[in-house]
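Subject: Structure handover

Hello,

Here is the structure for you to look at. My notes on it follow below.

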Amino acid sequence: MSRDPHPHSPIPASPEPPSPTSAGTPSEPPLLSVHAAVVFLAAFLIGLVMGGLMFLHDKSVPAAVAAGLVTAGGSVPVLHKLIG
């Protein structure tokens with residue numbers, strides 16, 4: 001009984017030409033730029049942490065939400081300059 005040295009020889013893949021939709025720019029621009037998305041995500045995380053810390057301190061949900069919103073809103077211009 002003899003064995004074939006290459007039982008599963010790979011089939012050469014032929015590259016497909018690029019489709020018209022993937023060749024150029026996207027048909028519609030993105031909603032947010034990458035810079036804006038990173039700034040807003042970082043501001044959200046900072047506000048979430050500050051709101052959580054405020055809740056652990058005061059045990060008041062309205063105070064925690066207010067502190068988180070103020071912190072997130074105040075951090076957006078700072079992050080825009082730092083990350084930009």
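Lys59 is exposed, with a relative accessible area of 58% (exposed means over 50%, buried under 20%, and partly exposed in between, with a 1.4 Å probe and protein chains only). This residue sits in the loop between α2 and α3; helices here are DSSP runs of H or I with at least four residues, numbered from the N terminus. The phi of Lys59 is positive, about 60°, although the residue is not a glycine. Most residues other than glycine have a negative phi.

The model is predicted, so local features need pLDDT of at least 70 and side-chain atom pairs count only at pLDDT 80 or more, while totals for chains, interfaces and linings use all residues. Residues are numbered from 1 along each chain as its sequence is written, and side-chain values use heavy atoms, with hydrogens and water left out.

The surface carries a nonpolar patch formed by Val49, Met50, Leu53, Phe55, Leu56, Val61, Val65 and Leu69, with about 760 Å² of accessible area together. Two or more residues of the patch come from each of α2 (34–58) and α3 (61–83), and α2 gives the most, with five. A patch takes residues with over 30% relative accessible area and no salt bridge, joining nonpolar side chains (Val, Leu, Ile, Met, Phe, Trp, Tyr) within 5 Å and like charges within 9 Å. A salt bridge is a side-chain nitrogen of Lys or Arg within 4 Å of a carboxyl oxygen of Asp or Glu. Areas come from the Shrake-Rupley method with a 1.4 Å probe. Met50, in helix α2, counts as partly exposed because its relative accessibility is 35%.

Ser75 belongs to helix α3 and is buried, at 9% relative accessible area. A polar atom of its side chain lies 2.9 Å from the backbone oxygen of Ala72. Leaving aside residues up to four places away in sequence, Ser75 touches Ala43 and Ile46, where contact means heavy atoms within 4.5 Å. Ser75 and Ile46 are 29 residues apart along the chain, and their C-alpha atoms are separated by 7.8 Å.

Regards

Key
Polar contact = N/O pair within 3.5 Å; in protein donor to acceptor, adjacent residues only side chain to side chain.
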